[in-house]
Amino acid sequence: MKMPDRRGYFGAFGGRFVPETLIPALQALEREFAEARRNRRFQAELRDYLHNYAGRPTALTFASELTRFLGGAMVYLKREDLAFTGAHKINNCLGQVLLARKMGKRRVIAETGAGQHGVATATVAAKFGLECVIYMGEEDMNRQALNVFRMELLGATVIPVRSGSRTLKDAIDEAMRDWVTHVGDTHYVLGTVTGPHPYPLMVREFQRVIGKEAKRQILRAAGRLPDCLIACVGGGSNAIGLFYDFLPHRAVRMVGVEAGGLGVKSGKHAARFDGGRPGIFHGSLSYVIQDAAGQVRTTHSVSAGLDYAGVGPEHSYLQQSGRVKYASVTDREAVEGFRLLSETEGIIPALETAHAVAYARKAIPRMRKNQLVIINISGRGDKDVETVKGIIKART
Ligand SMILES: *Cc1c(COP(=O)(O)O)cnc(C)c1O
């Protein structure tokens, strides 16, 4: 069974729900991507940049102290925090920008929430000499002033978005609008496995390097496949990147961890599977947090990267088929996870990543000592140190 099908559907989810003017651009992108996938020179060039520019392969670290502390399964960490610019986002940006260059585009645009995807896009655009425009909600620009300056240092123009809640959702709306008007010379570097076909497929393929490496590394380190994989899910790119190459191995369990915010019952969360239902949002059909009338609701999470009403359509399919389990942890639990990994392993994770750690903290003590778990450490936490400091101070 090949996913997605030719129309971009993963089971009942996915598709291409966009203004008519974007259809030719999406079709051209689909063709170019299909060609690039088969093109040995393109693949060799991408591999070279991933290795010599982004620092891949990233390590798979045995978390001896976290394992001891939790007293259950043996824990390994896939270290995307060690990738250049501090998260997995660079894998996708390198792939898409190489593709944009191949298509003769001279300008790239992107949306960003916390700024991580904006920084990764601006970085690669600088390297390839492309004009770069980043759309960012005004609210997020205030919260992430340092990342705004980083993008500007890299030569990008950061455009504040003042509509709606002035956050990620509005930045995506604005990036789409830009793309509609400049589709001739511009490529839209979407940051995760959401959006219209072929983005969920394309971004998954660029992030699969995480799981391919992890599989090779765990076989070398432990001599067998893991029993369980754990990753946080915003749009879902780091999770599907780790999961995908393990999917055929039915004995490998997988858990995607969403942002439970102040608790799903409070209504202030971003748990799409617990608190949402299927709907069309930002170009595809997938689980969305919406009100009774189908209006997309504002979400809440302590981590900007998980604070989004939609989720990639492939995750909706994997949830419905039961192959992957989805859970959520609260802001409070995530902050505990943030401290736990810092104290036990000396690794300060991103707050997004801390959600995966927080889930692991609950699940691993119930597992057997001879079982193996891989947690995807999607990014490093430098950007979140101020936020966590504020939270800890407020409590004491
Ligand atoms: C952007 C980001 C995420 C969330 O995005 P996904 O597409 O779900 O991976 C998670 N972790 C980090 C560190 C991020 O920067």
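A residue counts as buried when its relative accessible area is under 20%, as exposed when that area is over 50%, and as partly exposed in between. Keep that in mind as we walk through this predicted model.

Let's start with Arg 166, which sits in the loop between β7 and α8. Arg 166 isn't a glycine, yet it has a positive phi of about 55°. Its relative accessibility is 28%, so Arg 166 counts as partly exposed.

His 282 also has a positive phi, near 45°, and is likewise a residue other than glycine. You'll find His 282 in the loop between β11 (277-281) and β12 (284-288). With a relative accessible area of 13%, His 282 is buried.

## Two cis peptide bonds

Next, look at a couple of prolines. The peptide bond running from Arg 56 to Pro 57 is cis, and its omega is near 0°. Pro 57 belongs to the loop between α2 (40-52) and β3 (60-62). Another cis peptide bond connects His 197 to Pro 198, this time with omega at about 15°. Pro 198 is placed in the loop between β8 and α9 (199-207).

## Salt bridges

Side chains of opposite charge can pair when their charged atoms come close. In this model the count of salt bridges comes to 31. Here are some of them:

| Salt bridge | N to O distance |
|---|---|
| Lys 102 and Glu 32 | 3.0 Å |
| Arg 106 and Asp 185 | 2.7 Å |
| Arg 204 and Glu 205 | 2.8 Å |

Now for Arg 106 and Asp 185, which meet in a salt bridge of their own. Arg 106 lies in the loop between α4 and β5, while Asp 185 lies in the loop between α8 and β8 (186-188), so the pair ties together parts that are 79 residues apart in sequence. Arg 106 has a relative accessible area of 46%, which makes it partly exposed. Asp 185 is partly exposed as well, at 22%.

Are Arg 204 and Glu 205 buried or exposed? Glu 205 is buried, with a relative accessible area of 15%, and Arg 204 is buried at 1%. These two also belong to a network of salt bridges that links Arg 37, Arg 204, Glu 205, Arg 208, Asp 245 and Glu 314.

Helix α5 covers residues 116-128, and Thr 121 is part of it. At 0% relative accessibility, Thr 121 counts as buried. Leaving out residues up to four places away in sequence, Thr 121 touches Cys 93, Val 108, Ala 110, Cys 132, Ile 134 and Val 189.

Gln 116 is found in helix α5 as well. Its relative accessibility is 12%, so Gln 116 counts as buried. Again leaving out residues up to four places away in sequence, the contacts of Gln 116 include Thr 85, Lys 89, Arg 150 and Lys 383.

Rolling a probe the size of a water molecule over the atoms shows where empty space is left. The structure holds three cavities of 30 Å³ or more. The largest cavity has about 440 Å³ of space. Its lining is made of 35 residues, and Lys 89, Thr 192, Gly 235, Gly 305 and Leu 306 lie nearest the centre. The elements giving two or more residues to that lining are β5 (107-112), α5, α8 (168-181) and α11 (237-243).

Then there's the largest pocket, with a volume of about 490 Å³. Which of its lining residues lie nearest its centre? Out of 23 lining residues, those are Arg 143, Gln 144, Lys 383, Asp 384 and Thr 387. Both α7 and α16 (385-395) supply at least two residues each to the lining of this pocket.

## A nonpolar patch

Finally, the surface. Phe 149, Leu 153 and Leu 154 form a nonpolar patch there, and together they have about 300 Å² of accessible area. Leu 154 lies in the loop between α7 (145-153) and β7 (157-161). At 30% relative accessibility, Leu 154 counts as partly exposed.

Definitions and conventions: Residues numbered from 1 in each chain as written. Predicted model: local features only at pLDDT ≥ 70, side-chain atom pairs only at ≥ 80, totals over all residues. Heavy atoms only, no water. Patch = residues over 30% accessible without salt bridge, like charges linked within 9 Å, V, L, I, M, F, W, Y side chains within 5 Å. Areas by Shrake-Rupley, 256 points an atom, 1.4 Å probe, with all protein chains shown as cover. Salt bridge = Lys/Arg side-chain N within 4 Å of Asp/Glu carboxyl O. Helix = DSSP H or I, 4+ residues; strand = E, 2+ residues; numbered from the N terminus. Buried < 20%, exposed > 50% of the residue type's maximum accessible area, 1.4 Å probe, protein only. Contact = heavy atoms within 4.5 Å. 1 Å grid on protein atoms, 1.4 Å probe; cavity = no way out; pocket = protein on both sides within 12 Å on 5 of 7 lines; lining within 4 Å. Points joined across faces, edges and corners; volume = space filled by probe spheres on them.
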